[in-house]
Amino acid sequence: MDNIRKRPKGDFIAEANMEQLYALTKHWNSDLHFFKDDLSFLHKLLDSYFIWIDKDENYRIASRMKNELLRLRERCDDLLDKTEKHTQQIGKMILEKMEDSRIFRLEHEHLEDEIAAFVKAFRLNRLELFKITEYIKDTDKLPDIS
């Protein structure tokens, strides 16, 4: 789970042409939009449990999770901004037939590492949220929704 990358193994970033890096960055952008939508869904899911929580302990747990979801949303928005700027930079380099630099490729790799760390945090948070909602459902007297 430590290596959540969408590129081939090896020296892809060092050897790929700008078009390949552009396509990879567009995939990152698409994935980040999906995660942003999923975070909105998870936030709504947690909100739906808030109205039924009776126990203070469960309320504190749910509040903490809600704050963590908000932090992930901010992190996702930041990565979307960075990815969009990076995509524009690659596009400009392609159009102007600019020589790419080692610094640019290091920035690309750093952005990829940031996204991989975000995805890992997102997955762990999602798993924790499901466990918490199950716990709250089992320990609070929620009405039968069926």
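Start by selecting T25, which sits in helix α2 (helices, H or I of at least four residues, and strands, E of at least two, are DSSP runs numbered from the N terminus). T25 has 0% relative accessibility and therefore counts as buried (buried is under 20% relative accessible area, exposed over 50%, and partly exposed in between, with a 1.4 Å probe and protein chains only). Before you go on, keep in mind that this is a predicted model, in which local features need pLDDT of at least 70 and side-chain atom pairs count only at pLDDT 80 or more, while totals for chains, interfaces and linings use all residues. Residues are numbered from 1 along each chain as its sequence is written, and side-chain values use heavy atoms, with hydrogens and water left out.

**Around T25**

Now show what surrounds T25. Setting aside residues up to four places away in sequence, T25 touches T83, H86, T87, I90 and H108 (contact means heavy atoms within 4.5 Å).

Pick T87 from that group. T87 belongs to helix α3, and its relative accessible area of 6% makes T87 buried. Its contacts, again not counting residues up to four places away in sequence, are Y22, T25 and K26.

**Zooming out**

Next, show the whole chain as a cartoon.

Switch to a surface view. The protein exposes about 9400 Å², and carbon and sulfur atoms supply 52% of that area (accessible areas come from the Shrake-Rupley method with a 1.4 Å probe, and for residues only the protein chains shown count as cover). Of the 146 residues in the protein, 36% are buried. Among contacts between residues at least 6 apart in sequence, 81% join residues at least 24 apart.

**How the helices pack**

Select α2 and α3 together. Their axes come within 9 Å and cross at roughly 160 degrees (axes are lines fitted to C-alpha atoms, for helices over the stretch in contact, and angles run from 0 to 180 degrees between N-to-C directions). The two helices, α2 and α3, are therefore roughly antiparallel (angles under 35 degrees count as roughly parallel, over 145 as roughly antiparallel, 65 to 115 as roughly perpendicular and the rest as oblique). The crossing of α2 and α3 is left-handed (left-handed means that the near helix is turned anticlockwise from the far one by less than a right angle, right-handed that it is turned clockwise).

Are α2 and α4 roughly parallel or roughly antiparallel? With an angle of about 20 degrees and axes 11 Å apart, α2 and α4 are roughly parallel. Here too, α2 passes α4 in a left-handed crossing.

To finish the set, show α3 with α4. These helices pack at about 155 degrees with their axes 10 Å apart, so α3 and α4 are roughly antiparallel. The crossing of α3 past α4 is left-handed.

**Into the core**

Now look between these helices. Which residues touch the most other members of the largest nonpolar core? In this core of 33 residues, they are L21, L32, L39, L46, C76, I115 and F118 (a nonpolar core is a set of buried Ala, Val, Leu, Ile, Met, Phe, Trp, Tyr and Cys residues joined through side-chain atoms within 4.5 Å). The elements giving two or more residues to this core are α2 (18-50), α3 (56-95) and α4 (102-139). The largest share, eleven residues, comes from α2.

Centre the view on F118. Beyond its neighbours within four places in sequence, F118 is in contact with L32, F35, L39, L72, R75, C76 and L79.

**Two last stops**

Select M18 in helix α2. M18 is buried, with a relative accessible area of 7%. The C-alpha atoms of M18 and R105, 87 residues apart along the chain, are separated by 9.9 Å.

Finally, move to Y59 in helix α3. At a relative accessible area of 44%, Y59 is partly exposed. Leaving aside neighbours within four places in sequence, Y59 is in contact with F50 and I53. From C-alpha to C-alpha, Y59 and I136 are 8.9 Å apart in space and 77 residues apart in sequence.
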